[in-house]
Structures are given as structure tokens and as C-alpha cells.
Amino acid sequence: MSQPSATEERLEHLKHYFIDSDQQFEASKMGMWVFLVTEILFFGGLFLAYIVYRAWYPELYLLASEELHTFWGAVNTVVLIGSSLTVAMAIRSAQLNQIKGLIINLWITIGLACVFMVIKYFEYAEKFGKGILPGGYYTYDGIEHEQANIFFSIYYMMTGLHGIHVLVGIGLMLWLVYKAKKKVFHSGYYTPVEITGLYWHLVDIIWIFLFPLLYLID
Amino acid sequence: MATNEENSNTKKLQVRRFKPEENPEKHYLNEEKGIWAWMTTVDHKKIGLLYLGSITFFFFVGGVLALLLRTELLTPAQSFIDADTYNQVFTLHGAIMIFFFLIPSVPAVLGNFVLPLQLGAKDVAFPRLNLASYYIYVIGALFTLFAIFTGGVDTGWTFYTPYSATTGGNVMAMTFGVFILGFSSILTGLNFIVTIHKMRAPGITWNKLPLNLWGLYATSLIQILATPVLAITLLLLTMERLLQIGIFDPALGGDPVLYQHFFWFYSHPAVYIMIVPGFGIISEVISTFSRKVIFGYWAIALSSLAIAFIGFLVWGHHMFTAGQSSLANMVFSFLTFLVGIPTGIKIFNWLATMYRGSIDMKTPMLYAQVFLFLFTIGGFTGIMLGALSVDIHLHDTYYVVAHFHYVMMGGMVMAFLAGLHYWWPKMFGKMYSEFWAKISCAILFVGFNMTFLPQFVMGAQGMPRRYFNYIDQFQSFHQFSTIGAYVMGVAFVIMAIYLVHSLLKGKRASSNPWGSRALEWQISSPPSLHNFHHVPVIVNGPYDYHKPMSEFQLGIAASHNGHHAEEAVNVSQSEKEQA
């Protein structure tokens, strides 16, 4: 907590049920951390399903993983890590009151997130074209394993849910840009930027686990 | 010690006594009028009442369904509904009572209402999120109603695969409804955790936190840790039906036992989501009506957390007969016994609190006694079910049904009713008829035992749960049980009548009708829209009945509900010094 100054006036962003900006900021930040915990448990279920089926069909995972394009997965990893950097820079800009920098960094982050989704789109399209569809619609016969569809069910569930999180992140950051342009944020109030940044880092970290678990095992 | 700190600050903070205003002209119920103001309110008290209305509706629906089941079971063969309808009715009874009544009951209704008041806060940390969680609940409920009217669900409330992945009816809408509902529960838990951490009034340290809040805190931890797992489970189940992804369905290479692991990893902790906040209420009620400091404050507080923790390690005891390895069975059986320890600690501390207290057997206290009696039976039979060899015999019999109803209805619902009667004067500023409340409590107690005691016996004799027909030897038990269910129905009708009467024509309640020392009773009944016109300052523990009431009504003057900068700064400093 920074030292509350005696000259602090009742600020526009400060909700009436909080005592000061610090309390409000800390509460929001903690709320986001708690939310991230729930996200980890949410994905945790899928990681557990991944582990169980990998223990059962180890050879299937190795075979099926070859269908995934390690190169594009790696590119996406770099893209997301880069976007994590730019979102951190956006927070830094807000802290330094550089609203222009904040907006630019948010746009770069949004751009990188879109690049990620476009690459993901081409990956999905290529697989759908081959007949690698989720679950019961699976028709591909290039993998000699009876349960090949299960690997791809897990693949689509994990990357699909992650993709939805990326889309939510893009939406949040567009909203931040809108707010920043309306001069809502300044060095004394940038809570939404900070907590969106936290969320975005989680999206990034989940991908960092997904990439080796799905792409790099072959 | 805290008093000394207070003294060193008094010059600056100007702590003084704030006597609660009696019979306030303006309060949270009449300050904003109209349906729209209610539907869009971010006030935690009103959101609590919105939840109260909703869960009352669902309790009524679930109760009527239970009476239908019991009526059908009067005769061994078909009485008046066919077997398929019977399956749908017991599924709905379970799903509605658990997901739409029990889980939101204490946290979302009483927790929402009381938590900020007990913290001396003006609201929860995220009031809009709080309102959102209510609407998420409503949307989840609409999905469930949609499922009922588009084919129904006959899987049982557990939605076990592979049956749930292949049966007819609208399982998808139902599971999606529960999936959505889960987010409501998560958001409530998140809100409570942050509020308890960040919004305590000056002087409320962790060892002065009312035990009700310790209970809600432990509950919230379970909610945020367990519910996401249910969410992903139900999402996978939905995908199983939609896309045949083959995770849970053995016909597609999946594993139905994995579903059970996932499901119970949530649903076992979920029974603690239901019961732990009840423990919090019982602590408040027993201390208040014994006029005595609670015995073993830390033991009760930490045992809530211990139950929350151990609750995550026992899910396998639902699967003793599902093909789990025998080693896992033994480990889960042993861990299940451990839950008895913190629960026993609580029971003994409550008894010790009552010992030599000046007990006032008002309605909430009566419910607390009913709770102690019924919950202890429920708890012990739970230990018996946790024992491996016994469970093989009792698994999927009426014994399990009776055990579950003893802990959930005998424990949780009684605790909820204790809390409802305890905080009713604070919620509405009206008293209810003490006489009729006690009569109704007594009838409920008799009816409850009539309904569920015979089920222990027939379960032990081999009557399987969820069966539509039964052999003749069980008929007398079933009939006794059905009569008991109607007796309970009568008790609830009486309760509805005197509570409605209290709302319309009840005597006005004073600000503190029970003489409690807790913070929520130190403001007017009903509270004003922003709860406190001052910043409350706490110097004593919440159960220090040996200290005068005046010491519990201290506060710092704050004009404009604390909007003023000068006081705000001082308060945050004093907070830091006392933390």
C-alpha cells in the first residue's frame, strides 16, 4: 500500500463503499487472482483427462502428435509470449501516465492475439479438411490407432477453450482502448489495465503448457 | 491490547459511541422503490432477498416433488405415476434441491445479507458482480426449466455416464443449466473471499472475525476450488452428447469411472459448501442465546478450514463399488474418517459453549438444538458409510438416502432455518410469532424423524435407492416415511403462514432483539441503505458477552457515508496499525 496522502480528494473512479483508492485497487487485484485460481482448476480437469488418456494410450499420443504442426505451434508460442510483454508494457505506460503508449501497446497486444487466432484458424481448417473432426465426426484414417479420435477430442477441447479465452482477452483489451481514449486511466487509476494484464498472462501460461504437451511429444 | 491502541489513537480518530436508531424512517427496504430498482440493485442486502425469494420458490418445487415421490411409494407397485415419470421426478427433486436450493441457500441468501454487516463494510467488494451472479443463477434456472419442459431428465442428480450420455430427454439443457449455475456460485465465493480480506472495519482482525464469517470463508474457498472442476466435467459431458468426444462413454473408448472421479471431486466438497456455512450460523446462534463467549474460538474457526481441506481428499468414498483399486478404497475410507475429527471438535465446542450459559430457548436456538441432534446422527451414519466393509452392504440403499437427508436437511436446512429466524428481525424489522415458530419447529422435528429414521432400517435391510417398486416387506416403512413427509409439509405450511403474517402485521423489531454483541445487531433494524453512517471500530471479540454493550457500538464519525477525504485517510492508517 502506498502512503495515502492527506490531500487526496474523493476521486471519480473511487466507489463509495471503498475507503480509498488503494483498498479498491488491492481488492480488484485480489479478485482477479482468485478468479485465475478458478481458471487453473477449470483447465486442470482437462489436463487431468490428458494425463489419464496419455497413461492409457501412450503410443496414440506420439502418433497423433505428429499430425500437429510444431512450427506453427512454436510461432504461436512466440506470438503469445510477445503479447505478454506488450501487455506488461501497457501497464507500465499507464503507471507512468503515458496514455498514448498505453493505447499503442494495447493495440499491439490485440494485433498479436489476432495473429494467434488466425494461425489457429488455419491449423483447425487444415485438420477439418483432412477429416480430423472432434469426437464422433472423426473420419481421418491416417493414424493407425482405434482411439485416435480421443486425442483430438482432448486437443480440440483444450485448444478450443484456450481460444475462447483469447477471444475474451481481445474483447477486454478493445474495451480498455475505448476507455483509455476517453481518458479514464491515469497513473492514479489503471486497475482494469492491471487485472486484464493478469488475465492475459494466464492465457499465455496455459498456452505455454499446451504447446509442449500437445505439439512437442512426438 | 486493542483498547490501548485505540486510546493512543482516540485524539485523532475521535472514536465515540453510535447508538443504533430504533424504528428508522428510512431504511434499505423503502429508500429505493419500484420493481426496476429491485431488479437492478447492487445492494448486498437486497440481492440477498432476491436470492431468498428464488430459493424459496425452488424449495417449494423440490418439496412438492418429494411429496409426489413419497406418495407414489405408498404402495409397492405403481400408484399414480409411471416409472419413467418417477425417474424424472427424483432426478429433479435432487438436482433442484442441491443446485438451486442448498448450495445458494446460506452463502447467497444469509451470507450476502450478513457478511458486509458483520465486517462493518458498506457492501461486498464487487457489488455489480454480486448482482451478475444472481442473474447467472436465474439464467441457469431457466435452462433447467427448459430441460424439464423439453423431455425431462431421468439420470439422477449425479448425471452418471454412460447413461447420461445416451438416454433420451434433454440432459444437455440440464447440465448446461448447472454449468451456468456454477459460475454464480464461483462469483459469490470470489466476492466473499476478497471482501473478508480487504473490507474489514478497523479493529476486526482475523481473531475477531465472527465465526459465521470463518464458515463463509471456508465455504468460499471450496466454492472457488471445486466448482470449476464441476464446470469442466459438465462441459465435457455436454460435448460427449453433442460431439461424442469419447472421454466418458466406454462405447467410444472413454472411461465412465473418470466421470465419477471428476464429478465427486466437485460434489463431495459441494456437500461441505452446503454444510460449513451452517456451522457458522450455529456458532452465532448458540453463543448469542447462551449469553456466553464461544468456547474454543480458534478450534471452531480452524476446524471449518480443516473440513474444507479434508473435504477435497475424500471423493473416492462415493466409488467404493465402482471398480476403484482396493488400495484407493482403503485410503479414501481412512481419509473419510478424518472428516469426523474437525466436525466432532465443533460439536463439543458448541456443547461446551452452552454449558453453564444462561440459555434462552428462542426459535433460532431451538433450531440449533435440532441441528445438533439430527446432524450428529447424520454424521455418525456417514462414518459408518465411510467404513469400507459396511459400505459394500449399504451402498446405493435407502441407508445412504437417510444419511444424506440427515446431514443435508437435518443439518443444513435446520441451520438455515436457525439463521433465517435469527436474522429475520434484522432483514425485515419485524418479529414473527415465537409461539407458532416453536410449534412449527417441533412438528418439523417429529416429521423429519418419521420420514428418515425408517429409511435407515429399510436401507440396512436392503431396500435399494431410486427404485420405483419394492417388495412387500418394506411397505410399512415406506408408508410411515410418507406420513412423516406430509407432517413436514404441514410444518412448512405453518412456517410460511407465520412468516408472511410477520411481514404484513408483525410487531416491529428493535435493533437488537436478542441482545447480541455481534456487529450486525449494532445498527438499526432494518439497516439503512449503506449499512453504517459511521465507520465502526471494533475493540472486543464478537462473543464477549461479559463486556458492556456500549463497547460494541463504537465508531468514527464520517459525514457522507465515508465519502469525505479527511476521515478516509485516518481510517486507513488505523487499519494498518491494528492489523
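Guide: Let's start with touching: two residues are in contact if their C-beta atoms, placed from the backbone, lie within 7 Å. By that rule Ala418(B) touches Ile281(B), Ile282(B), Val285(B), Pro364(B), Tyr367(B), Ala368(B) and Phe371(B), leaving aside residues up to four places away in sequence. A word on ground rules: this is a predicted model, where local features need pLDDT of at least 70 and side-chain atom pairs count only at pLDDT 80 or more, while totals for chains, interfaces and linings use all residues. Residues are numbered from 1 along each chain as its sequence is written, and chains are lettered from A and ligands numbered from 1 in the order in which they are written.

Visitor: What makes Ala418(B) stand out in the largest nonpolar core?

Guide: That core has 235 residues, and Ala418(B), along with Ile282(B) and Phe371(B), touches the most other members. (A nonpolar core is a set of buried Ala, Val, Leu, Ile, Met, Phe, Trp, Tyr and Cys residues joined through C-beta atoms within 7 Å.) The top contributor to this core is helix α14 of chain B, residues 398–428, with 23 residues.

Visitor: Why is Glu144(A) called exposed?

Guide: Count the neighbours. A residue is buried if 20 or more other C-beta atoms lie within 10 Å of its own, exposed if 12 or fewer, and partly exposed in between, with C-beta atoms placed from the backbone. Glu144(A) has 9 C-beta neighbours inside 10 Å, so Glu144(A) counts as exposed. You'll find Glu144(A) in the loop between α4 (99–130) and α5 of chain A. Its C-alpha is 8.5 Å from that of Leu60(A), although the two are 84 residues apart in sequence.

Visitor: And Val42(B): buried, partly exposed or exposed?

Guide: Val42(B) has 17 C-beta neighbours inside 10 Å, so the label is partly exposed. Val42(B) sits in the loop between α2 (35–39) and α3 (44–72) of chain B. Leu131(B) is 89 residues away along the chain, yet the C-alpha atoms of Val42(B) and Leu131(B) are separated by 5.9 Å. Leaving out residues up to four places away in sequence, Val42(B) touches Pro127(B), Arg128(B), Asn130(B) and Leu131(B).

Visitor: How many helices and strands does chain A have?

Guide: Six helices and zero strands, in the order α-α-α-α-α-α. (Helices, H or I with at least four residues, and strands, E with at least two, are DSSP runs numbered from the N terminus.) The C-alpha trace of chain A spans about 70 × 30 × 25 Å along its principal axes. Of the 218 residues of chain A, 39% count as buried. And 74% of the contacts in chain A with a separation of 6 or more join residues 24 or more positions apart.

Visitor: Why are α3(A) and α6(A) called roughly antiparallel?

Guide: The axes of α3 (residues 70–95) and α6 (residues 191–215) of chain A come within 9 Å and cross at roughly 165°. (Axes are lines fitted to C-alpha atoms, for helices over the stretch in contact, and angles run from 0 to 180 degrees between N-to-C directions.) Angles under 35 degrees count as roughly parallel, over 145 as roughly antiparallel, 65 to 115 as roughly perpendicular and the rest as oblique. Therefore α3(A) and α6(A) are roughly antiparallel to each other. The contact of α3(A) with α6(A) has 13 nonpolar, six polar and two charged residues. (Ala, Val, Leu, Ile, Met, Phe, Trp, Tyr, Cys and Pro count as nonpolar, Asp, Glu, Lys and Arg as charged, and the others, Gly among them, as polar.)

Visitor: What makes α9(B) oblique to α12(B)?

Guide: In chain B, helix α9 (residues 256–290) and helix α12 (residues 363–386) pack at an angle of about 125°, with their axes 9 Å apart. That value belongs with the rest, so α9(B) is oblique to α12(B). Ile282(B), Val285(B), Ile286(B) and Phe289(B) in α9(B) meet Pro364(B), Met365(B), Ala368(B) and Phe371(B) in α12(B). By class, that contact has eight nonpolar, no polar and no charged residues.

Visitor: Where does chain A touch chain B?

Guide: On the chain A side, look at α1 (21–56) and α5 (148–181), the elements that give two or more residues. α1(A) gives the most, with 16 residues. In total, 35 residues of chain A are in contact with 36 residues of chain B. The chain A side divides into 18 nonpolar, eleven polar and six charged residues.
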